[in-house]
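Please look at the sequence and the fold together while reading.

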Amino acid sequence: MKWSRIVASLPFVATAGVAARDLTQKDHSLLRNFPVLGHARYGLELIGPELRQYIVASNDEERPFSRHQRAWIYRSAKGVNNYVGFGTDNDMETLQGYPIIKHRTFARSMAAETEDHAIPCAKVLGGARGRAKAFRPRSVVNVSAMSFGSLSGNAIMAINAGVHLAGAMHNTGEGGLSTYHRQGGELILQIGTGYFGCRDENGEFDLERLVAVVESAPVKAIEIKLSQGAKPGLGGVLPGTKVTKEIAEIRGVVEGKTVVSPSRHTAFHDEDSMLDFVERIATRTGLPVGIKSAVGEMAFWHRLADLMSSTDGPRRGVDFITIDGGEGGTGAAPIVFSDSVALPWAVGFSRVYKTFYEAGLSDDIVFIASGKLGLPLTATQAFAMGADMINVAREAMLAIGCLQTQKCHEDTCPTGVATQNKWLAHGLDPQQKKHRMANYVLTLRKDLLKISDAIGVAHPALIGPEDLELMDGVRRGVALDEVFGYPEGYGRLGLDLAAEIERIMVEGDFVHLGGENEDNRETAATEQPTR
């Protein structure tokens with residue numbers, strides 16, 4: 001009888017032991033927040049390919065990110081084997097608009113190999129306009145704008161510490177520069193319509209407060225957000241119940257009072273006054289200043305290009321332009337905005353790029369691409385179309401544990417990434433996840449260098465639109481320059497810029513790029529990828 005009771009109690013003891021282990025480990029946020037039960041998810045994931053093959057969907061049917069895409073990000077972030085075997089399982093016979101990279105048979109290896117797979121930007125940010133603190137970014141892969149408030153403090157810390165390890169940059173988002181952003185990673189400070197962190201008591205822009213914030217942290221550039229892909233032309237509301245004392249102090253608002261972000265800026269009202277605003281900030285801070293926008297009507301971009309190329313009066317202009325895709329992103333929004341407002345990234349970017357190329361300004365502007373581009377193939381297409389750098393957002397969330405449950409707007413993120421719930425956020429350990437963030441950036445850069453090498457160039461920005469084709473099944477392919485109406489030379493760097501970045505990559509001259517030296521950072525990866 002005694003032994004039967006002991007045997008009967010074993011499942012309960014085992015369950016308690018598993019629960020205790022899950023609650024104390026830090027590798028898996030889901031298990032820390034949901035001990036024992038969380039293992040069911042990993043079990044289903046283990047047999048996921050079989051379930052999808054026979055019951056649900058293929059590896060490439062899920063959206064926004066397919067299972068294949070998420071698996072590549074997860075495995076890259078963990079530093080384990082991210083290769084596949086037995087050939088592609090994409091439906092090549094019927095896929096429409098599928099990008100194919102055209103390798104060169106006698107391409108020669110050019111770029112110097114480095115431990116951190118360094119890929120500096122081909123342009124000096126702020127250099128064309130002589131900004132006092134112009135610099136060449138160390139990484140062409142950086143983290144896009146995601147505010148503290150949208151993401152948890154632990155998530156922000158993991159991302160910022162991770163980009164520090166990888167030598168990349170981290171955009172603060174419009175929610176202000178928080179204590180969580182101060183983990184060593186270099187920052188791009190975003191200014192939104194609410195002017196959070198740089199506003200006066202009436203909610204108007206305050207330049208001196210901006211200067212104070214900039215001087216308190218490693219801010220390398222300032223981005224003025226005109227709109228974003230998830231909700232272009234739409235303001236935001238932060239309910240008073242979410243305006244904690246901490247968020248109120250960071251954003252410069254009243255604790256417990258609902259905060260409304262207008263859909264338009266109040267510090268300027270047209271292209272001309274916007275350029276005055278840009279120059280005012282750049283002169284006072286010495287930093288490069290740019291804008292971020294999704295693309296709708298093109299009149300704004302034509303007027304901006306005309307003003308920047310004008311020889312009448314003082315020279316004014318933005319140092320960089322971040323183009324966001326209308327496909328939507330991390331921001332929660334009405335479904336019609338996520339689905340149908342603003343152009344998809346490739347269409348919007350091509351139109352804006354051509355506008356500035358035709359105005360003779362493309363070499364003076366750093367073009368940053370943002371919109372589901374944090375994968376080797378999509379990033380390569382962005383560079384081929386004329387992008388100089390890419391920003392990743394959802395991919396960064398996936399790297400630190402996001403499961404694509406699409407509950408960001410409900411404050412119930414099970415892995416503590418997009419939530420302010422303290423219990424859920426505690427499951428995400430920043431010290432562990434920072435290595436995954438860094439591994440993801442390093443692996444993406446490594447793959448971009450491999451692709452560049454296959455094409456026969458030393459840097460992704462030297463890839464041209466003729467190097468990729470969009471396929472119509474297996475019947476025909478059309479090069480990117482023809483698809484997007486790029487005449488000869490479009491999507492390419494000027495000769496001087498191309499020669500300089502090739503020299504930097506071939507000689508491995510990464511010392512004076514404006515970022516930290518690798519010797520001053522911790523080792524990024526917890527494990528070396530298994531090949």
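Lys-372 lies in the loop between strand S10 (366–370) and helix H13 (376–384). Helices (H or I, at least four residues) and strands (E, at least two) are DSSP runs, numbered from the N terminus. This is a predicted model, in which local features need pLDDT of at least 70 and side-chain atom pairs count only at pLDDT 80 or more, while totals for chains, interfaces and linings use all residues. Residues are numbered from 1 along each chain as its sequence is written, and side-chain values use heavy atoms, with hydrogens and water left out.

The phi angle of Lys-372 is near 60°, a positive value in a residue other than glycine. Because its relative accessibility is 25%, Lys-372 counts as partly exposed; buried means under 20% relative accessible area, exposed over 50%, and partly exposed in between (1.4 Å probe, protein chains only). His-117 also has a positive phi, near 50°, and is not a glycine. The loop that holds His-117 runs between strand S1 (96–101) and strand S2 (141–143).

Next comes helix H10 (residues 299–309), whose buried residues are Phe-300, Trp-301, Leu-304, Ala-305 and Met-308. Viewed down the axis of H10, these residues fall within an arc of 130°, so they line one face of the helix. The arc is that of the directions from the helix axis to the C-beta atoms. Among the elements that cover the buried residues of H10 are helix H9 (271–285) and strand S8 (289–294), where contact means heavy atoms within 4.5 Å.

How are two packed helices described? By the angle between their axes and the distance between the axes. H9 and H10 pack at about 55°, with axes 10 Å apart; axes are lines fitted to C-alpha atoms, for helices over the stretch in contact, and angles run from 0 to 180 degrees between N-to-C directions. H9 is therefore oblique to H10 (under 35 degrees is roughly parallel, over 145 roughly antiparallel, 65 to 115 roughly perpendicular, the rest oblique). In this contact, residues of H9 including Met-274 and Leu-275 meet residues of H10, including Phe-300 and Leu-304.

The axes of helix H6 (residues 153–166) and helix H16 (residues 430–455) come within 7 Å and cross at roughly 45°. H6 and H16 are therefore oblique to each other. Residues of H6 including Met-157 and Ala-161 meet residues of H16, including Met-437 and Val-441.
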